[in-house]
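Hi,

Here is the structure I promised to pass on.

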Amino acid sequence: MTLDTQKIRADFPILSTKVNGKPLVYFDNGATTQKPLQVIHRITKYYEEENSNVHRGVHHLSQVATDKYENARTYIAGFINAQSEKEIIFTRGTTESINLMATVLESWVFANEEVLVTAMEHHSNLVPWQQLCKRQKAKLKIIPVSQQGEIDLDLFKEMLSPKVKLLALTHISNVLGTINPVKEMIEVAHNYGIPVLVDGAQAIAHTKIDVQDLNCEFYTFSAHKAYGPMGIGVLFGKETWLKRLPPYQFGGEMIDQVGYEDSTFNTLPYKYEAGTPNVAGVLGMEAALRYIENQGIDNIKKHEDHLLEYATSLLEEIDGIRIVGTAKEKTAVLSFVINGIHPYDIGTILDQMGIAIRTGNHCAQPLVESFGLPGTIRASFGLYNTIEEVDVFFAALLRAIEMLR
Amino acid sequence: MTIQEKSQSVIDEFSMYDDWMDKYAYLIELGKDVPLIDEKFKTNQYLISGCQSRVWLHAKMKDGLILLSADSDAVITKGIASLLIRVLSGQTPKDILESDLDFLKQIGLQEHLSPTRANGLTSMIKQIQLYARAFLLKSQKL
């Protein structure tokens, strides 16, 4: 089934904005996506009709809020095919999910042991591990990425050993668009008993996520990159792992019995949710994922693949262009540089023409530097983008190049 | 010419262009006239932070006046540096510290030149003021 983009666009009020007098072309979905009315209205409805603190009140509204909140957890568990809702921890987003893991894994990674990440990680799936390794006197090892933007699987396999205590890698690269062969890599890592954390920030809105099929120990994503609100996200963790790892933050909600001398802790998932949660955010996230489900993730992927393919074919014709990231398996992200022109200059001129793209190192400084670049220009697509917008973008890009050369 | 007079001439020149495209084209042209920083100063020490592109800025004192030079690997940033230098280079530290730089708002690139943009403009201004303050202190001690 093909997406009805005209109907979809009507759900996103912000898309009819004008920027510098021009209709907005929003190609910065890798940074954050826009929100449909279904999400905006869900959040409003919560505050207008359902707001109350969860899990503690005896009164009606508290029960309503708690039910909606826990139903959302069950829905989200189903969305990524987790075995149980106990495996769904609500966090502020991918960054907090990974920081949580990098803190509690202090009880798992020790001196002279190793943590593996790939060379294409976002800073948020690199720096927390780098710092964990520093604290624990462990070693952070980097799995190389080819000039095409693909993980070198042979080298990866050579890096595996009983010393490796964790593999953390991105599902889809935010710079290169590469879809990594995570399932295959997880299987190989498991041969050495290595648990795997997958950063799904760029994947959740673009491809089907099935954590049981992937068989990863941990999976993280943020709602705001999947048409949901900012400040809310998920840490999926296999129950066996979350059960034996220590708590992260302490406070209300995450405790069982509290005394002045000692306390015992709540069961999963509450053990990892200290304090009053972001209930409106969770309900907004549920609405966003339902929106994706209604459109069909496979239809979305097909649509975005088509946009990527079309945009790539146009851009390839530009004199002096270098497309950064040419992996075979790729989606929704198109990074490039133009010979002799700084990405910042292109971004500035495109903005004048109403086109929102991102320039710079995309929070993956070591990766961009390894390609010998000062940064890239990145167009990243979402389900509401159209072929016509790609044409507008292409024409504007040609105009910018002409002006800057 | 005073800072005020130089600012006014920049405002007059930009007022000739209605179209943003022409304004940017002119800004880029101005960048080509920037007093280029000596290659030996293109080091981290002279690098301005807060910008996606690299900008280097150097200042020296001659006959009581501050002389500025700069370079950038982005042409728009270079144009912005060139604008600042055109107005502020060759002025006394005291005049630089007292200037309001209001001309930036008046040339019609205000949105682009807003301090929250990652264009390094704010950092460049801060750095120039820092140089001016340092030179002023030094001259008072002598």
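A word on the labels before anything else: helices (H or I, at least four residues) and strands (E, at least two) are DSSP runs, numbered from the N terminus. This is a predicted model, where local features need pLDDT of at least 70 and side-chain atom pairs count only at pLDDT 80 or more, while totals for chains, interfaces and linings use all residues. Residues are numbered from 1 along each chain as its sequence is written, chains are lettered from A and ligands numbered from 1 in the order in which they are written, and side-chain values use heavy atoms, with hydrogens and water left out.

Most residues other than glycine have a negative phi, and most peptide bonds are trans. A:Asn112 is not a glycine, yet has a positive phi of about 70°; it sits in the loop between H4 and strand S5 (114-118) of chain A.

Now the helix pairs. Axes here are lines fitted to C-alpha atoms, for helices over the stretch in contact, and angles run from 0 to 180 degrees between N-to-C directions. In chain A, the axes of helix H3 (residues 60-79) and helix H10 (residues 279-295) come within 9 Å and cross at roughly 40°. That makes H3(A) oblique to H10(A) (under 35 degrees counts as roughly parallel, over 145 as roughly antiparallel, 65 to 115 as roughly perpendicular and the rest as oblique). Their crossing is left-handed, meaning that the near helix is turned anticlockwise from the far one by less than a right angle.

Between the chains, the axes of helix H12 (residues 343-352) of chain A and helix H3 (residues 75-88) of chain B come within 7 Å and cross at roughly 85°. That makes H12(A) roughly perpendicular to H3(B). A:Tyr344, A:Asp345, A:Thr348 and A:Ile349 are in contact with B:Val75, B:Ile76 and B:Thr77, a set of four nonpolar, two polar and one charged.

On a 1 Å grid over the protein atoms alone, a cavity is a set of points where a 1.4 Å probe fits but cannot get out, and a pocket is an open set with protein on both sides within 12 Å along at least five of seven lines; lining residues have an atom within 4 Å of a point. Grid points are joined across faces, edges and corners, and a volume is the space filled by probe spheres set on the points.

- The second largest pocket holds about 380 Å³. Its lining has five nonpolar, 15 polar and six charged residues, and helix H4 (residues 94-104) of chain A gives the largest share, four residues.
- The largest cavity has a volume of about 30 Å³. Helix H6 (residues 121-141) of chain B gives the most to its lining, with three residues.

Notes:
Nonpolar A, V, L, I, M, F, W, Y, C, P; charged D, E, K, R; others polar. Contact = heavy atoms within 4.5 Å.
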